[in-house]
Every structure is written in C-alpha cells, then in structure tokens.
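Dear colleague,

I am handing over the structure below, and I would be grateful if you could look at it alongside these notes.

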Amino acid sequence: MMIMKSPTTFQPVLERIAEEIERTPGRGRPADYIPALAARDPRSFGMAVAEPDGTVYGVGDWRQPFSAQSITKVFTLALDLAREGDALWEHVGREPSGNPFNSLVQLEYENGIPRNPFINAGALVVTDRLHTRTGDASGELLEFLRAESGNRDLTFDEEVTASETAHGDRNAALGHFMASYGNIDNPVPVLLEQYFRQCSIAASCADLALATTFLARHGIRADGTRLLTRSQAKQINAIMLTCGTYDAAGDFAYRVGLPGKSGVGGGIIAVVPGRCTLCVWSPGLDERGNSVAGVAALDRFTTLTGLSVF
C-alpha cells in the first residue's frame with residue numbers, strides 16, 4: 001500500500017486511482033428520472049484535487065462540465081448562512097434524515113421543518129431564504145461559483161432546467177406542503193424556478209474543486225475575503241459529513257472519512273480542512289443516488305494519501 005501523508009503533488013495518486021477505476025466493472029446507472037441526465041455514459045470518469053492556494057490537479061474527464069445538481073446545495077447554504085447566521089436553523093434542521101432525499105414523510109411529523117439542508121425539502125427552504133435576501137438566489141449562486149472557480153463561462157444548462165421543471169411534481173409538493181406551515185416566503189412557482197436553475201448549473205471537477213476551497217480555508221474566499229466564520233465553515237463541513245450523501249451518509253463516512261456532498265448528476269465534492277478539496281464525477285449511480293465510481297475513487301484517495309478528518 002502506498003501511504004503519502006504529505007504528498008508534494010496529488011497527480012500520481014489521481015492517475016493510480018483512474019487506472020483502478022477503469023478496471024472496475026460495475027458503474028451503476030445514470031439518473032433516469034431526469035431525462036436530460038439519463039443518456040450520460042456511466043463509464044465517464046473525472047477527478048480533481050484543489051489546494052487552498054488554487055493549485056489544481058486532475059485526471060480523466062476532469063474538465064468536462066456536468067450537471068452539478070445537489071452539489072450546489074452546499075454553496076447556497078454557505079451564502080445564506082453568511083447572511084442570516086443561526087436564524088436559519090429555526091427553519092431547517094441539522095440531523096440525518098434516514099429517508100430518501102425527496103421524501104415527504106418526515107415533513108408532516110415535524111411540522112414542515114426539514115431534517116437538514118441537503119435533502120430536497122431543506123434545500124428548498126435554504127434557496128427560498130437566499131432568494132428573499134438577494135432577489136435572485138440562482139444568480140447569486142452562479143456569480144459565486146464563477147468567482148471561486150475562476151471560470152466566468154459557468155452557466156445554467158437550460159435543457160436540464162426544462163427537464164427538471166417538467167418532472168418536478170415531487171419538489172412542488174414539498175414546497176407547497178412547507179408553505180402550508182409558513183416555512184416558505186416566496187410563491188412556490190418562483191421558488192421552484194430558482195431551485196431548478198440552481199441544480200442545473202454545469203461545471204467541471206476542476207471548477208467545483210476550486211469553488212469548494214473556501215471550506216478548506218475555514219471560510220475564506222479565493223480573493224482573501226471572509227465569507228463564513230471559522231465556526232460556520234466547521235458547521236457546514238459537519239453537516240456534509242453527516243447528511244451530504246443522502247441516506248448513505250454513514251457508509252460514506254465509514255469508507256471515505258471526509259465531509260462530502262453528492263449530486264445525481266454523478267458528482268461528489270469532498271473537503272480535507274486545511275489541506276485540499278476534491279471533486280469526482282462519474283454518472284453511474286447506486287440505489288441511493290450516489291456515484292458508484294465516485295465513492296470508490298474517494299475511498300481510494302483517503303487510503304492512498306492517509307488524508308482524512310479521523
């Protein structure tokens with residue numbers, strides 16, 4: 001086993017992981033309930049590592065844009081938490097759900113307060129609150145990602161937006177249900193438009209690894225300004241660890257040992273606080289909505305480098 005406690009470059013590690021993943025037979029299936037994602041090749045694979053100074057390493061399809069989907073929930077959470085602080089937690093919890101990411105069940109038991117910001121109901125609440133404070137939640141998110149990644153070409157994938165809108169009945173039900181409890185401020189159709197645009201942002205592994213480095217820098221943005229307090233950055237990392245991979249968060253923490261957030265586009269971001277951030281992409285998903293090759297690659301990364309929060 002190759003253990004690299006303080007690698008001078010991550011490139012050899014990434015290349016070894018890519019070779020191992022290429023030999024892996026089962027890759028899962030793309031998300032077929034969003035038609036615009038269903039045709040993606042499950043054997044596509046890319047992985048990038050970004051250091052806090054902006055140095056980035058990559059392998060495979062690491063510069064190929066893909067649909068970020070639920071990965072964007074991390075950034076909207078950071079943008080809203082920076083604005084309203086702990087008042088946010090009166091409207092969304094911080095506990096693992098134990099149910100699928102689009103479940104309606106717990107909302108009724110818990111009076112319209114979602115379990116955490118990363119299930120769909122919780123993300124709708126966060127997007128709603130950010131939209132109230134900015135007037136354009138998805139636009140605010142896009143500008144943030146452009147600035148942090150250094151890629152001004154990042155944009156929304158209108159095909160994915162339209163596809164999610166046409167198949168968004170469950171999210172509409174979540175929004176209306178929470179609105180009936182007074183936990184949504186904006187008209188639900190406005191909120192859904194913002195949410196679907198947010199999830200449709202197309203970005204590469206390089207873009208998302210770089211955009212996540214503010215969490216490795218304990219809340220400091222790429223330009224040196226502070227977005228979050230050190231405590232708030234710790235809070236987001238903690239919620240990523242316990243809730244970031246839907247109802248597989250325990251298994252992800254066991255295998256990978258890093259705060260992470262997955263999306264049904266096949267991407268996963270992960271954070272080694274103070275050291276680096278990662279993004280891996282492969283569209284084939286397991287039954288819980290997480291990239292099969294992505295989880296395996298992150299598992300190998302922490303094994304080969306010895307980098308973990310534990």
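This is a predicted model: local features need pLDDT of at least 70, side-chain atom pairs count only at pLDDT 80 or more; totals for chains, interfaces and linings use all residues.

Residues are numbered from 1 along each chain as its sequence is written, and side-chain values use heavy atoms, with hydrogens and water left out.

Helix H7 spans residues 158-166, and its buried residues are Val-160, Thr-161, Ser-163 and Glu-164 (buried means under 20% relative accessible area, exposed over 50%, partly exposed in between, with a 1.4 Å probe and protein chains only; helices are DSSP runs of H or I with at least four residues, strands runs of E with at least two, numbered from the N terminus). Seen down the axis of H7, these buried residues fall within an arc of 165 degrees, so they line one face of the helix (the arc is that of the directions from the helix axis to the C-beta atoms). Glu-159 and Ala-166, on the other side of H7, are exposed.

The UniProt annotation "binding site", from an unreviewed entry, covers Glu-164 as well as other residues, including Ser-70, Tyr-195 and Tyr-246; such annotations may be inferred rather than shown by experiment, feature names are shortened, and positions are given in the numbering used here. Tyr-195 is located in helix H9 and counts as buried at 2% relative accessibility. Tyr-246, in the loop between helix H12 (230-243) and helix H13 (249-255), is likewise buried, with a relative accessible area of 5%.
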